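Here are some notes to read alongside the coordinates. Please go through them point by point.

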Amino acid sequence: MRTDDLSSIILTLVTFMPLAGGLLLMLLPRRDRDIRIFALVVSLLTFVLSLHLPVYFHRARAGFQYEIDRQWVSTPNIHYHMGVDGISLWLVLLTTFLTPLCVLISWKSIHERVKEFFILLLILETALIGVFTSLDLFLFYFFWEATLIPMALLIGIFGHERKVYAAIKFFMYTMIGSVFMLAAILWLYAHTGSFDFVTIRDRIASGAVPKFPAAAQLLFLGFFLAFAVKVPLFPFHTWLPDAHVEAPTAGSVLLAAVLLKMGTYGMLRFNLGLFPEQSRQNAWWVMTLALIGIIYGALVAMVQPNMKKLIAYSSVSHLGFVVLGIFSFTQAGLNGALFVMLAHGISTGALFMLAGILHERRHTYEISEFGGLASPMPVYAASYLVIVLASAGLPLLNGFIGEFLVLSGAFQAKAVYGILGATGIIWSAVYLLWMYQRVFYGKVTHPVNNSVSDLSGFEKMAIWPCAAAALVMGVAPILWLGAIDPAVRAALRPFAQVVSKLVGQ
Amino acid sequence: MIAGTSMAGMMIATFAPAFSPTLPLGADYVRILPEIVLSGFGMIVMLLEPLLDEATGQKPLGRIALVGTLAGLAATWFMAQAPGLAFWNMVQVDKFSVFLHVLVIAIAAVVILSSYEYMAVQRIRAGEYYALILFGVVGMGLMSSAIELVLIFIALEISSISSYVLAGFRRHEAASAESSLKYFLLGSFATAFFLYGVALMFGATGSTNIGQISGTLQASAVPLLAYVAVAFLFVGLGFKVAAAPFHVWTPDVYEGAPAPIVGFMSTAPKAAAFAVLLRIVFVINLHAVFWVIWVSAALSMTLGNVGALVQNNVKRLLAYSSIAHAGYLLVAFAAAPQLGTSAAMFYTAAYAAMNLGAFAIVSHFSNAGERYVTLEDYEGLGRSSPLLAATLTIFLLSLIGIPMTGGFFAKFYVFSAAVNANLIWLTIIGVVNSGVGAYYYLRIIVMMYMREARKEVPVTPIPGALSVALAVCVAATLYLGIFPGSVLEYAQDSAQQLVRRALPKTPASAPVSTVSSTL
């Protein structure tokens, strides 16, 4: 097949490959080993296919590529419209990169209802990719809601003690948040006759939507609420620690690395894309909430006795950076926000894998149960260190680049935002390194920890790609930013107009 | 009620001479062919019942009834070929009535299929069970094609009386007798309201033909009597569709009635009553009706969902859920005629598919004497019978309104119609409700998948007939969720016909502007 042909259907292939695999998996007999291998093959194949996207991506070009646009339902006018730009491209890749690792990390830890687990995981992957590739608002909402069920089931069936509570809380928070988005989408359809993102954006920009000025603020809030719950932005964050602590490792990984990014991606694509003026007007309180999230998340993380909860609150803090960067409306801030999204995906994903590995051996996440683990588990300790440093923002690793860019963007927007945000980096070093010290250094305080085994082959295969990615992203961020930059520039174009309009008044 | 029917007879007698005295044409009979066929099969079942052995005769009777519904579907095809008026403007065959005929007859077929096993397990031996289902469908079919208020009333009574009897078929259970009696008493009260409304409407406009009423009301100032009449009509129909504040009977009746019949009652008569309501609401286009429906929709959604949150009996839970769904449907009625009609039609179809499926599983699982109907009984079902649990999960997800299922598009179209009519607040009440409503459906899923069974609940293998019924429901739910286009387009076509006829002079956009100006 020629590459041109492939390019026109590649997004469909990448999106639905895992779903097809999941459906096939339903037909396979319950032989756990075969099921694991099959799931791994499907997810790896998806990853390989998704590599087509960056390889043939025209980096200098803004706008959507690999587009496919077919009518799905004629009235209402719903299209199967997919495409990626420099923003969504990397999020798709992040998803396809992490899913095989999730399969690997669950190889040994899931031994009951193996078939259901991998079916749900693969269905979840399709829904996640679909969220990032949809350019039709209806299709977007469709995939957005579709992520809920597999994730809630993963938490509720395969989780720990309070799994049911966590699953329902996760489901209800997200569900109630997103119905407001549905109402906003319906309003937009009623007044433009289209669900197409590009069409609606252009109509709004040219002022051709009747009654828009009166409704714009509510529409902005409708979208924003759905995304803020997902991010989660302070004060909507309380579902996150519960969901993370109770979720199985693979669930936590995808939850932190990809599901949360759906929220920030949504803000960037839809809030900024469709409502630039309202974004501008609301930026002050959004940024304030983001700052509260950064600092509050970090402080709460610091005092957590539970490793997984600590990582969960660190996500609240890191995602605060992303929102801060997005609502700074600067080139650097947005570039940085996207980079933090990717870096946080890799490093926090890896942190959850590492925490899961420990839980498998000791059946606890309590930090006080550990101590001096560096001597029985040297390889584990070294890998953990790399990831912790990446997450804390050490230069040459991936966390640094994004946070630096975000802060420089925040400074450009308003110095005080930058100053307050910068404290977040200090806090993150404090809680992560302190945790590392308590778990790995010193003498072995609990004798049972002496006999804990080091990383197994499967675990190495899951962790090391993350560590390598963290390093490459830290050394050569241009590989990613090259595609991100033009897309962000295009996303910011309406803001230049908003400014000139404001000045003109 | 006896007084009611004789009154109706008198009314017909008073204005019958106004119509042409010629005999009905052959085409007239084609236009009620499904009703004729179904009544015929119902009578065959009744006649054969005493001749067959009580223990072994149930199966053949059920099969005859099933063949009857299939023949009814075939007859609907012939009916669809002959659109137009019949029997002196009393019956109208259009796409709208064809759609509802197909829907209610298909519902009856699925209910009959899922009753075979239920009847055997519950040791209910009565052929009239199947006959009553068929007669009920005759009434419902007629409700959807009648455009004459008196005929609508008669059809409503045919459908209601068979439902009353069917609700009491678990004769040995006190709950079933209670259910039947409660349904009967409150139901007759509600139909009396309806009849009173018909009489007042006759007094206000001098006609019981919907088209003529519409013409009279549009031509001159609307008399106060017409408002009262519409209010009475709404009370009667609101009871039938279990819309708040006329919903109080629902949980008790659903709890006591046989489970397959609950599936039937919550879908087919409701669809028919909604059809009547659609004709009345859009034809008698009074502004006051809009607010009545607005309030009723908001109340139904809220009370239904809040009530369902605390239920432990699955049948009661689904009863409250059906109140909430009636509320979502009423949202469509408050919206613009054309979009609202098609959204409501799609909703009845999707709701029928998912709710029938859910009740089929509930009735299979409940076992002899309907012993296992509490939430706790569903614990660990995901492990003990994964296929049954997965099927029920599909129906529940559809009831929540998750993508890929018919329930999603149903809600989507309804709210879309509401936003189009600028009913922002009603939409927000609706979407928040559908978010809250997710909780109690989720509870069943949680029980099945995330809890271990604490007690032994025997699950018998699914018999052939039931699996066919379930397969039909699953296929319909998924089909409506993935390829909603064809059904929706048909609904839109029929809505266009209906509305164009109903509002001959006003352009389609006029009601929208009147609605939006009040908000």
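This is a predicted model: local features need pLDDT of at least 70, side-chain atom pairs count only at pLDDT 80 or more; totals for chains, interfaces and linings use all residues.

1. Local features are described where pLDDT is at least 70.

2. Chain contact. Look at the side of chain B that touches chain A. Contact involves 25 residues of chain B and 27 residues of chain A. Three elements of chain B each supply at least two residues of that side: helix 19 (406–420), helix 20 (424–450) and helix 22 (485–502). Helix 20 of chain B gives the largest share, with twelve residues.

3. How do the residues of chain B that touch chain A divide by class? There are 17 nonpolar, seven polar and one charged.

4. Strand pair in chain A. Strand 1 (residues 65–73) and strand 2 (residues 78–84) of chain A pair in the antiparallel sense, over six bridges. Four residues form the hairpin that joins strand 1 of chain A to strand 2 of chain A. Strand 2 of chain A is mostly covered, with five of its seven residues buried.

5. Helices 8 and 11 of chain A. Helix 8 (residues 163–192) and helix 11 (residues 239–246) of chain A pack with axes 9 Å apart, at an angle of about 135°. Angles over 145 degrees would count as roughly antiparallel. Helix 8 of chain A and helix 11 of chain A are therefore oblique to each other. Their crossing is left-handed.

6. Residues at that packing. Helix 8 of chain A brings A:Lys163, A:Tyr165, A:Ala166, A:Lys169, A:Phe170 and A:Tyr173. Helix 11 of chain A meets them with A:Trp239, A:Asp242, A:Ala243 and A:Glu246. By class, this contact has six nonpolar and four charged residues, and no polar ones.

7. Helices 18 and 21 of chain B. Helix 18 (residues 386–400) and helix 21 (residues 464–482) of chain B pack at about 40°, with their axes 10 Å apart. Why is helix 18 of chain B oblique to helix 21 of chain B? Roughly parallel applies to angles under 35 degrees, so the angle of about 40° makes the pair oblique. This crossing, too, is left-handed.

8. Residues at the second packing. Helix 18 of chain B contributes B:Thr391, B:Ile394, B:Phe395 and B:Ser398. From helix 21 of chain B come B:Leu470, B:Val474, B:Thr477 and B:Gly481. The class count is four nonpolar, four polar and no charged residues.

Note on methods
Residues are numbered from 1 along each chain as its sequence is written. Chains are lettered from A and ligands numbered from 1 in the order in which they are written. Two residues are in contact if their C-beta atoms, placed from the backbone, lie within 7 Å. Ala, Val, Leu, Ile, Met, Phe, Trp, Tyr, Cys and Pro count as nonpolar, Asp, Glu, Lys and Arg as charged, and the others, Gly among them, as polar. A residue is buried if 20 or more other C-beta atoms lie within 10 Å of its own, exposed if 12 or fewer, and partly exposed in between; C-beta atoms are placed from the backbone. Two strands pair if DSSP finds at least two bridges between them. Axes are lines fitted to C-alpha atoms, for helices over the stretch in contact, and angles run from 0 to 180 degrees between N-to-C directions. Angles under 35 degrees count as roughly parallel, over 145 as roughly antiparallel, 65 to 115 as roughly perpendicular and the rest as oblique. A crossing is left-handed if the near helix is turned anticlockwise from the far one by less than a right angle, and right-handed if clockwise.
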